[in-house]
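Happy to walk through this one with you.

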Amino acid sequence: MDIILSNGSMLVMMAAAVGFFMAWGIGANDVANAMGTSVGSKALTIKQAIIIAMVFEFAGAYLAGGEVTSTIRKGIIDANFFVDTPELLVFGMISALFAAATWLLIASMLGWPVSTTHSIVGAIIGFAAFGVSSDAVVWGKVLGIVGSWIITPLISGVIAFLIFNSAQKLIFDTEKPLQQAKRYVPIYMFLAGFVLSLVTIKKGLKHIGLDSIDLGFTVLEMKGPGGYYLAVFVAIIVAIIGKIFITKINFDEKADKNTHYANVEKVFAILMIVTACCMAFAHGSNDVANAIGPLAAVVSIVDNGGEIAAKSAIAWWILPLGGFGIVAGLALFGHKVIATIGHGITHLTPSRGFAAELAAACTVVIASGAGLPISTTQTLVGAVLGVGMARGIAAINLSVVRNIVISWVITLPVGAGLSIVFFTIMKAVFS
Amino acid sequence: MARNSILGVFAKSPIKPLEKHIRMVAKCCNQLIPFFTAVSEKDWTTAGKIRKKLSKLERDADTLKRQLRLELPGGLFMPVDRADLLELLSQQDKIANKAKDIAGRIYGRKLEIPESLQESFALFVARNIEATEKAADAINELDDLLETGFRGREVDLVEKMIDQLDAIEDDTDEMQVVLRRDLMAIEDTLNPVDVMFLYQIIEWVGDLADLAERVGARLEILLARK
């Protein structure tokens, strides 16, 4: 207890520094997942991708990142266990951050595809279960989280399959694909806008203290039906803006049957910009928690002078800190990462990319709303496989898919092991 | 860092190189038209040059074939069956091989085509080459087939192309019968060994359309399985 009172501000600074570093790493590395497909399919230039990623990652982290942050902060660990020794929880959370950051750094240097989510969850379980006591972990909750890692790629795969199949039926396999594309693409935009804004309104806004919007003539209560109206309203705006851009495209009118798909792709490229925004938003909303969840835990304990308050809000500055961290990572390294990718793939056309991104973004955002920390990469891989199942992609490298799956099986024990090491060191240093 | 992302998941598309290969094969066969013109005019230097060009195209197609095979490791998840795709590829390649054999045999023996047969022979060659081009067109549709997920409208279109291919092949069979009969009528006036080889050349040229038809058949299997 004394340790927290005497060293409180230093501990918070430590946690904030590592948390910011983690967020920075997420921005630098994972931006590929959010924006790569858009750049790869040439729907966006690198510069546009960076700007979109910055805006929407931040928005996602700030507006919709609260629920997952809460899970990481207090969902995995049974706080009652630490009532007498809050300093252990503080040390543990800082160790978990250190462990995850270290592992990500090593993996990035070696070029291994690892998940930030798996690292941090593994690290938190590690220090709590092995450093303190296995009763300190809420195993039921952990089981739910790990289960979600298996289920979310499946769900996003199924959604991607359905979306791509519907696009084939409604647009490609018709007499006039171009007209059909112009007609139906705004509907997909509506869908994207609706899911994202609904989850944000229902689950995200309360973390930034916004419960209702006063429109002058009526007040929209976020929790009630007002939230749905607002989501529909936002989605319609998205669809209308998309429609305007679609009518502005210059089509090659003389294009005959042999090249008409090129024109259709132009319509999908606009849709792809919308889904890229969604993906960046979804990524921000889920992954920001990996960096700042433990930080939020530390801050809440220190602010309460060592009391573990079960029902305290996340400190106001934490979500934006994570958001800025991600944006900083993007600004510094995103360019390089995206450039590598842009050359890497040319086999993904916007008509497939949109299906994968839309499915993954919806799944991730819904998981964020439910407070489940999931892996964005794996959800996207699931979605890509879904499009592949619908026979939309010429070739998918299954050995790479296997590597991604293996990497998370390895990440859990490594994250846990590292966190135990750091935890032991911290305990020794401070007591 | 590049590998630390989703994008490694996408492998190189096998469809584009497959199209490129059949285009090269068709171009290779096309050389037979000027080749036979030169042979009819007994211009053996030009014929030799064309034969060289033809062999080079055949070799290029071979290289492409090998490259494509190497780029299709077992762990690929594709909308088409891997074995079907490779079978289609080797069928395509056989067309080019046949064209090379024809040019090689004629040039090697300086085999002359009897003047009375020259006109119908040229038509016969042209018709066979049409078949190879039709096959190439059908393969070219694979990309769009992928776009629509191998069903509906595009499949109908390809089926129609394959029907046309079959019709051309039937046509060449009839032409072959007529050509053989005409050759038999004048064979007493010719060198017996040359006559033997002329029959063989007629058969080989007819094989071009047969092989092209088989490419169409493999394509149909490719579409039907999934």
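Q: Leaving aside neighbours within four places in sequence, which residues is A:Val298 in contact with?
A: This is a predicted model, so the contacts here are computed from predicted coordinates. Once neighbours within four places in sequence are set aside, the partners of A:Val298 include A:Leu11, A:Val12 and A:Ala15.

Q: Which residues touch the most other members of the largest nonpolar core?
A: That core holds 221 residues. Two of them stand out by the number of other members they touch: A:Ile94 and A:Val298.

Q: Which helix gives the most to this core, and with how many residues?
A: The helix to look at is in chain A and spans residues 260-303. The top contributor is H9, and its share is 28 residues.

Q: What share of chain A is buried?
A: Chain A has 13 helices and three strands. Its length is 431 residues, and the buried ones make up 59%.

Q: How far apart are the C-alpha atoms of A:Val327 and A:Met54?
A: A:Val327 sits in helix H10 of chain A, and it counts as buried because it has 22 C-beta neighbours inside 10 Å, where 20 or more are needed. Its contacts beyond four places in sequence are A:Gly27, A:Met54, A:Glu57 and A:Phe58. A:Val327 and A:Met54 are 273 residues apart along the chain, yet their C-alpha atoms are separated by 5.2 Å.

Q: Is A:Phe354 buried or exposed, and which residues does it touch?
A: A:Phe354 belongs to helix H11, residues 350-369 of chain A. Its 33 C-beta neighbours inside 10 Å are why A:Phe354 counts as buried. Not counting residues up to four places away in sequence, A:Phe354 touches A:Tyr188, A:Phe268, A:Leu271, A:Met272 and A:Thr275.

Q: At what angle do H2 and H5 of chain B pack?
A: The two helices cover residues 32-40 and 115-140, with axes 10 Å apart. H2(B) is roughly antiparallel to H5(B), because an angle over 145 degrees counts as such. The packing angle is about 170°.

Q: How do the residues of the contact of H2(B) with H5(B) divide into nonpolar, polar and charged?
A: From H2(B) come B:Leu32, B:Ile33, B:Phe36 and B:Ser40. They meet B:Gln118, B:Phe121, B:Ala122, B:Val125, B:Ala126 and B:Ile129 of H5(B). The tally is eight nonpolar, two polar and no charged.

Q: Where does B:Lys42 lie, and what is its phi?
A: B:Lys42 is in the loop between H2 and H3 of chain B. The residue counts as exposed, because 10 other C-beta atoms lie within 10 Å. Although B:Lys42 is not a glycine, its phi is positive, near 55°.

Q: Which residue just after H4(B) takes a positive phi?
A: H4(B) has 28 residues and reaches 41 Å, close to the expected 40 Å. The loop between H4 and H5 of chain B holds a residue that counts as exposed because it has 12 C-beta neighbours inside 10 Å. Its phi is about 50°, and the residue is B:Lys110.

Terms used:
Residues numbered from 1 in each chain as written. Chains lettered and ligands numbered in written order. Predicted model: local features only at pLDDT ≥ 70, side-chain atom pairs only at ≥ 80, totals over all residues. Core = buried A, V, L, I, M, F, W, Y, C linked by C-beta atoms within 7 Å. Helix = DSSP H or I, 4+ residues; strand = E, 2+ residues; numbered from the N terminus. Contact = placed C-beta atoms within 7 Å. Axes fitted to C-alpha atoms, helices over the stretch in contact; angles between N-to-C directions. Parallel < 35°, antiparallel > 145°, perpendicular 65-115°, else oblique. Nonpolar A, V, L, I, M, F, W, Y, C, P; charged D, E, K, R; others polar. Expected span 1.5 Å × (residues − 1).
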